[in-house]
Amino acid sequence: MLEKAQKVLKTYFGYDDFRNGQKEVINDVINNRDVVAIMPTGAGKSICFQVPAALFSGITIVISPLISLMKDQVDSLNEVGIKATYINSTLDHHEINDRILNMRTGKYKLIYIAPERLESKAFIDTLSTMNIAFIAVDEAHCISQWGHDFRSSYRKIANFINRIHPRPIVGAYTATATEKVKEDIITLLNLDRPPIYVTGFDRPNLYFSVLKGEDRERFILSYLSENKGMTGIIYTSTRREAENIHNLLITNQIKAGLYHAGLSDQERNMAQNKFAYDDIDVMVATNAFGMGIDKSNVRFVIHNNIPKNMEAYYQEAGRAGRDGEKSECILLFAPKDIQLQSYFIDESNLPLERKENEYEKLRAMVDYCHTSQCLRKYILNYFAEDTAYENCGNCSNCNDDSEKVDITLEAQKIFSCVYRMNQRFGVGMVADVLKGSKNKKVLDGGLNHLSTYGIMKEHAKKDIVEMINKLAADNYLNLTNDGYPVLKLTNKAVLILKNAESVYMKVAKTKKRLDIDSELFEILKALRKRIALEGNIPPYIVFSDATLKEMSIYMPVNKMEFLNVKGVGEAKYEKYGEQFLLHINNYIEAEDIEISSLRDTSINSKRSIQKEGKTEKIPSHLITYEIFIQGKTINEIAEIRDVKVRTVENHIIQCLKDGMAVDIQKMVPHEYIGMIKEALKNCQEDKLRSIKEMLPEEVEYFWISLVKYEMILE
Ligand code: ADP
Ligand code: ZN
């Protein structure tokens, strides 16, 4: 039996092995035993009922509380070739009747239903006449008042099960492991002496950190700029805060969405879809966002505020890295947030006993922020799991690798620059002058004649800005409190300038950053996005990030190799294999062009004969793109391809218009980008010529076009 399950896993889902716990749960279910499976978010619960469902000859009913998740899972199943559907309040009467009719004819293996359906006797009557083999209760903790998402309609499930003859197998799935919840699940679902599987709660790919005393907005901005293009969620504890941070991100040109319970259904759906479809990178949300998201490529979850308890925290943080790739969970701790959470408990109309229970949980959450032991160990112990290690080596307590660096000299340069600029400018301008920027404002103000102009040009501007901010946080500099904060020296700074004292800054020795994606990965991601748009499904349903990453590392070139990639099953190969293989082969070929066309024309011509059919299919601007992303300049590409520079420039613009990732900073000198944006915004006419006239002479038309199309796409 288990071999059959293994085969389903490989053929449909494209995975070679079951993960920890999956095998045991599946084995019991297919041998007709009820089970309780407790697995953390991202551990792979769905496989535990989807694989048995594919094997049973009868129907599997999945009871799931969230509508968007339902649709996602159904889409995913149909993608891999397992027939599934759902029935919930988003469908009209006709649609529901159609689906019920199809159920009778045995068209579906799985049917997802919302628990509210079970309130309808007619619906239960209909289902009870069908051949139902298995009932999977997802998010089973919703049945318990002790869980964190009680839903009264879950209490109807036991009655529903009783109505079906013969009694189907029942599996209960959840991420909540407390004793009370476990007991409730077993008794209230009326399970038959089920084994309880608690799979490791550990999520080794997640890096946990708690940061205290950060200027949170500043932290978020700098984190996002260091991890540009990565997908993540920022959780706040109030709507107001979510709105503030969302505004902050938008004004900083970050593609962000907003999600909280105060928005209309339509606004929320739109935000969620944009997030699912990779149209926005960052979702700023309250805890209203989440239960329904199945997006596997979330790379970071930042908690701007402490959540109410560890269950909530681990569930929300656990939305990072479901695909198993390295991801980060950061909690920004501020003591005043504890009061807010206490207030929420206080104001709730829970009975006293439950309130005390909640306070206790909040205390454990606060302890997490203060503990100096390994954070992962703390989490696992909280969920009643022993850990073999003392140090995981992958959390901020295990990796306190910051060191004190003497920045006295840099501080002196900064202070004297502030002084020479008459203490009349903000952080950005001071950094520009120190960097030696040719920014229009700097030049217009004659600031390039100051003796401190360019004295820190060896530093990146953002590092200079960071140093200034730290110096301000430590009271060497004051920022005035008005609309345009200006830097002023304090007495502390004067001591430094007199060489009476030194300044130290704590910096992380190895700056932790998420893995930088390869070029091929970006190409495949763009392809995935196009396919997703055409099929009107979220990109991660086509292939997960983990799957694309494997493709970009192993570069499969034929069907056999392609099927070996984790996450590629038969159905997906049939649908997408050819397109992906084409792009991978083109990429490999483009890599060759670089070597062969420059050095050995005979190899080049031989190769192009071999692959003639293929090369013809690719539009010219895509060939340019593939060379471009290898790091070649416009002139080099023109030479390699033996075409005019203008042609290459047009190709790049075309790529931008196609929505492909083009790093315009490689072509437009950094200091001009802001200026060009400004001109584009202010210019009344849309003619490039009039815009060019507003800008310094050296600005090229090509630069303006690049900035323009990038802005449009933002
Ligand atoms: P959960 O419901 O427990 O939060 P999911 O069922 O959504 O988790 O699974 C999380 C991710 O792990 C999905 O992208 C899924 O495809 C992947 N996954 C599940 N089982 C396996 C497996 N055996 N091997 C590789 N990936 C898996
Ligand atoms: Zn640790």
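How far is an oxygen atom of ligand 1 from an N or O atom in the side chain of Arg-322? The distance is 3.0 Å. This comes from a predicted model.

**The ligand site**

The protein covers 86% of the 570 Å² of accessible area that ligand 1 has on its own. Around ligand 1 stand 15 residues, and Tyr-15, Asp-17, Gly-42, Lys-45 and Ser-46 come nearest. By type, the shell divides into five nonpolar, five polar and five charged residues. Helix α3, residues 45–55, gives the largest share of this shell: three residues.

| Residue | Protein atom | Ligand 1 atom | Distance |
|---|---|---|---|
| Gln-22 | polar side-chain atom | nitrogen | 2.9 Å |
| Arg-322 | N or O atom in the side chain | oxygen | 3.0 Å |
| Ala-43 | polar backbone atom | oxygen | 3.5 Å |

**The sheet**

Now to an open sheet of six strands. Its order is β8-β13-β12-β9-β11-β10, and the pairing is parallel. Strands β8 (206–212) and β10 (256–259) are the edges; each pairs on one side only. From one strand to the next, the twist averages 15 degrees.

Take one pair from within the sheet. Strand β9 (residues 232–235) runs parallel to strand β11 (residues 282–285), and four bridges join the two. Which residue of β11 is the bridge partner of Gly-232? Val-282 is that partner.

A helix also packs on the sheet: α10, residues 239–251. Helix α10 touches β9, β10 and β11. The direction of α10 makes about 165 degrees with that of β10.

Conventions:
Residues are numbered from 1 along each chain as its sequence is written. Chains are lettered from A and ligands numbered from 1 in the order in which they are written. This is a predicted model: local features need pLDDT of at least 70, side-chain atom pairs count only at pLDDT 80 or more; totals for chains, interfaces and linings use all residues. Side-chain values use heavy atoms; hydrogens and water are left out. A residue is near a molecule or strand if one of its heavy atoms lies within 4 Å of it. A polar contact is a pair of N or O atoms within 3.5 Å; within protein, one must be able to donate a hydrogen and the other to accept it, and residues adjacent in sequence count only if both atoms are side-chain atoms. Accessible areas come from the Shrake-Rupley method with a 1.4 Å probe; for residues, only the protein chains shown count as cover. Ala, Val, Leu, Ile, Met, Phe, Trp, Tyr, Cys and Pro count as nonpolar, Asp, Glu, Lys and Arg as charged, and the others, Gly among them, as polar. Two strands pair if DSSP finds at least two bridges between them. Axes are lines fitted to C-alpha atoms, for helices over the stretch in contact, and angles run from 0 to 180 degrees between N-to-C directions. Contact means heavy atoms within 4.5 Å.
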